[in-house]
Amino acid sequence: MEVKKQNMNTADRFQQQDRVLVIGGGIGGIKTALDLAEAQKQVVLIDKANAIGGLMTRLDRTFPTNNCDLCTVSPTLSETSRSQYIDLMPLTRLAQLTGEAGHFTATLITSPRYIDLSICTACGECHRQFPEWVNFNPGLDHRAPTCMRYPQATPQAYSIDIKRCNDITALSACCPAGAILPDDSEHQIQIHAASVVLAPGAAIFDPKRLDCFSYGTEPDVLTSLEYERMMSASGPTQGKLICPSDGRTPEKIAWIQCVGSRGMQKGAVSYCSSVCCMFAIKEAIVTKERFKDSMETTVFYMDMRTFGKDYERYYERSRKDYGVQFVRSRPHSVFRKPGEPQLTLTFASAEESTLNQEHFDLVVLATGFHIAEDVRELAKQIGVNLNCHGFAQTPGFHSSETSRPGVYVCGMFESPKDIPETMTQASAAACRASAHVQAIQAEEAPDTDIIPERDVTGEEPRIGVFICDCGENIGSVIDVPDLAAFAKNLPGVVIAKGVGHGCSRESMNTIEKTIVDQKLNRVVIGGCSPRTHETRFQDLLRRAGLNRYLLEMANLRDQDAWVHANQKSEANTNARQMIWAAVSSVKKARALSDNSLAINTDVLVVGGGVTGMTAAICLADQGYKVFLAERLSMLGGTANLIRFTLEGDDVQAFVQDLKARTLAHSGIQVIFNAFIVDHSGMPGMFQTGMQVGPQMFYRQIRHGVTILATGALPNRPDDFLLGNHNAVMTQLDADALLVDSPQAAFGWNNVVMIQCVGSRQPGNPNCSRVCCQAAIKNALKILEKNPETRIFILYRDMRTYGFQEDYYRMAREKGVIFVRYERESPPRVQAEGAQVNVTFTDPVLGRTISVMADALLLSTGFVSDDESTEDLAAIFKLTRTSDGYFLEDHVKLRPVDLSRPGFYLAGTAHSPRLIRESIAQAEAAAARAQTLLSRKSIELGAAVARVDSKKCAACLICVRACPFGIPVINADGYSEIDPSKCHGCGVCASECPAKAIQLMRFEDDQILSKLIGLLERRVA
């Protein structure tokens, strides 16, 4: 790959063509920018707000893990601000975009902040003197002249609404740094860009338009986001749940779904907003976790649309483990009767026709999303077409491509979606945008902020212990001041104190300053998981002049506060032992150096379906050599069986073109009949062995990264006479039949479709995602050929998320009859000659109905290719979910990364999904692969095995024990381990009888010290 060198600090950096303009600083825009920056592509990231982060920074927890969002997203926000490849421009909007793909000119206008970022320290003095000027949540209090949206805001500085400030002199005088600029003004700049990514997000429906729910007049009626802010530790009540009307603690809370979505109210949009169901379930669970049986939670819903990976399990857990109540109903109104403290909610349940009333302390409206008018104007200005709902119009198979070449889209502006789908599409947009940009290796410039590393060898331990309260996550369970006082008395500890949100920039600056001022030589952080935060604190140590490995983290959140939330006394005792263990361990910590390894830039893609071919083409077009291994003798996978999509796109034409491009590409070598049999190596230097062809010849591929796109299998359960009667078929069978033999449908007078066959049940507990839209598609196709056909769709929940809802409505309008059934009472099917008799109960009529069906179409969805994924997981040492799909590294932030570095995942090997969604994942996996392939070398860290030659007896035990075959007996007669090849598994260290091998970062004395600290009992 050709890499251009350039000084990233030159004054004319904005005039270079090789950059991507990303519009929108929400989590989608941030992810796009980070992926491009990691691939050494220059980025300009703009946002009209004063700080980046978007909607995600206002959330308290995210489903299905219930993690704290601020803890999850803050490392990402900080990473964006400090990347040398990203120019961050908040308070900036696009005024004009001219040119074409590869040669755009963008005119940007930056609004005045009235604060000098180079001087502002975010000390908060203006907030302390004018506390009413700080806004932490929209809707529950008014925006103030000075606004910092959340503790981890990036950039970490305030902004002033000059129109509301009536005494600028007093405001200026309160700033000790003199950072306030009363005469600041708007400025304009022109930049050149090769491509553009639109990530402006979506706006939330304003329920004030609806008079039936009393929003805006009754303070105890909140939106989901307002409730989220109230539950958040950084919110207006610091996480304390109250009734805004009188401050009392609520005992009964109701959630009303589909407010502003699915066209049920005046001014509502017709589509499904996709995320509201999971949003409500999460809030109900978090509420129950905090208040247990003292809180009653009820969700009123139309269809429960938990269609994502493991979302159905989350839904079932909310019912069975937490006691959340679900009522299938369309609530009529919410009001407060005179003199009553509670709200009255009126509704008619699906089982009853009478109007019911129930009282609640709080009512939460699950509001949907729409595209704001200013975003529509932006699209019009750029020349990007919008669909009928105002979202960016994209072609059938490529969700990140807009109508203007070189301009791409991701996130909510493309369609309503949750965080994992947004992150996936953001990476996909980065992949598409990067095709217009060459990688640029930034010249290394000395970082004046980093103090030269201090040699602490021989010094007595001077340990600093810093404990995060992480708002409610830790502070609500663990007594942080008491824990800090305990830690201060431990041997070797010089200072111990609480630091609030330890990952916020203010807290990190405090820790860094303390390290320097107190001449600390080791640091313990008591807070969140090292898996997500260790790198940030290691970087902090380096900036403070310490080796990055003189750090120990005690995971108080995951391993104590979350686990023992109901046993506070025991949790505090456990926290003391964890801090003691961390202090004991860090005393033995040594300064270590990282190891690096040159990268092989070839790529192995496993699976030759649409997903695998898309990933291969994306990477081959960027100049990488790709080996595409397919176990069958043909490409295309399950897509070969599909004729058209719900929207009418020709799948076969698309697949045939994709096959032709794959086979003709000079950068792709397709290996048919390939079975993976062995694997070794490390990221950037893998070796994978496979048996190929009819003769099963052995072949080994050397490559730097691996993308798994092995797909899933169409499910064919032994239910409802499938395989035993000619009238019974799957939706996949019917899809082909209606195109290949359309005359068959002309004889169908009655057609019955049964949903959730083989899904949402033991053995395959999750939703197969594609079934509802497949049923709607085939129903509309049948009616197109024979409008007189009577079609019954028997369903548990219709999960036509996003714009699929339009087709669901169309099917109802065309006369398709939808009848709901419960899992406990499924339909019954009996053979009656050439027909089948389908018997079911209509819950509205309360009657049993029988239909003599000419065709019975079963929506069977997908199951994991268990045999294949089990073998590959064992060979590649990867983890799987309980239902056989590969498990991603992080469900929110790294949805296509696998837990093993250098491995990426896409398509239905991840979970059931549509072709369009699989292609987005393929492009995302390609983008993530480029972040590794673009480097000259990969950092391996310091966790490698070292041999003490004086102790080694050359007994060969380590040579035999190492699963990777790394140790050898050298010419001097002792074992030698190449640090560039060592995987850091520690097997050799544990097996060596002479204790001649130590695994760095996990040496014996350090482990033993930690155990002593953990198991000691201190007398108070």
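A nonpolar core is a set of buried Ala, Val, Leu, Ile, Met, Phe, Trp, Tyr and Cys residues joined through side-chain atoms within 4.5 Å. The structure considered here is a predicted model, and its largest nonpolar core has 48 residues. Within that core, the residues with the most contacts are Val 465, Ile 515, Ile 525, Leu 556 and Ile 579. Helix α15, which spans residues 568–587, gives the most to this core, contributing 8 residues. Another core lies apart from it and has 41 residues, among them Leu 619, Ala 620, Leu 658 and Ala 922.

Leaving aside residues up to four places away in sequence, Leu 556 touches Ile 467, Ile 474, Ile 478, Leu 483, Gly 526, Gly 527, Ala 561, Ala 575, Met 578 and Ile 579.

Helix α15 also contains Ser 585. Is Ser 585 buried or exposed? Its relative accessible area is 2%, and because buried means under 20%, Ser 585 counts as buried. The neighbours that Ser 585 touches, not counting residues up to four places away in sequence, are Glu 552, Gln 1006, Ser 1009 and Lys 1010.

Attention now turns to charged side chains. The structure holds 54 salt bridges. One of these salt bridges joins Arg 19 to Asp 87, with the closest N and O atoms 3.9 Å apart. Arg 19 belongs to strand β2 (residues 19–23) and Asp 87 to strand β6 (residues 86–90), so this pair ties together parts that are 68 residues apart in sequence. Arg 19 and Asp 87 are both buried.

A further salt bridge is formed by Glu 312 and Arg 799, whose closest N and O atoms are 2.9 Å apart. This pair links distant parts of the chain, 487 residues apart: Glu 312 is in helix α7 (residues 311–320), while Arg 799 is in the loop between β38 (790–795) and α21 (804–813). Glu 312 and Arg 799 are likewise buried.

The salt bridge between Glu 459 and Arg 454 has an N to O distance of 3.2 Å. Here Glu 459 is partly exposed, with a relative accessible area of 32%, and Arg 454 is partly exposed at 30%. Elsewhere, salt bridges that share partners join Arg 262, Asp 303, Arg 305, Glu 312, Arg 328, Arg 760, Asp 797, Arg 799 and Glu 805 into one network.

The last topic is the packing of helices. Two packed helices are described by the angle between their axes and the distance between the axes. Helix α9 (residues 419–434) packs with helix α23 (residues 915–933) at an angle of about 65°, and their axes are 7 Å apart. The helices α9 and α23 are therefore roughly perpendicular to each other, and α9 passes α23 in a left-handed crossing. On the α9 side, the contact is made by Thr 424, Ser 427, Ala 428, Cys 431, Arg 432 and Ser 434. On the α23 side, the residues include Ala 920, Gln 921, Glu 923 and Ala 924.

Helix α9 also packs with helix α1 (residues 27–38), at an angle of about 45° and with the axes 8 Å apart. That angle makes α1 oblique to α9, and α1 passes α9 in a right-handed crossing. The residues of α1 that meet α9 are Ile 27, Gly 28, Lys 31, Thr 32, Asp 35 and Leu 36. Their counterparts in α9 include Thr 422, Met 423, Ala 426 and Ser 427.

Definitions and conventions:
Residues are numbered from 1 along each chain as its sequence is written. This is a predicted model: local features need pLDDT of at least 70, side-chain atom pairs count only at pLDDT 80 or more; totals for chains, interfaces and linings use all residues. Side-chain values use heavy atoms; hydrogens and water are left out. Buried means under 20% relative accessible area, exposed over 50%, partly exposed in between (1.4 Å probe, protein chains only). Helices (H or I, at least four residues) and strands (E, at least two) are DSSP runs, numbered from the N terminus. Contact means heavy atoms within 4.5 Å. A salt bridge is a side-chain nitrogen of Lys or Arg within 4 Å of a carboxyl oxygen of Asp or Glu. Axes are lines fitted to C-alpha atoms, for helices over the stretch in contact, and angles run from 0 to 180 degrees between N-to-C directions. Angles under 35 degrees count as roughly parallel, over 145 as roughly antiparallel, 65 to 115 as roughly perpendicular and the rest as oblique. A crossing is left-handed if the near helix is turned anticlockwise from the far one by less than a right angle, and right-handed if clockwise.
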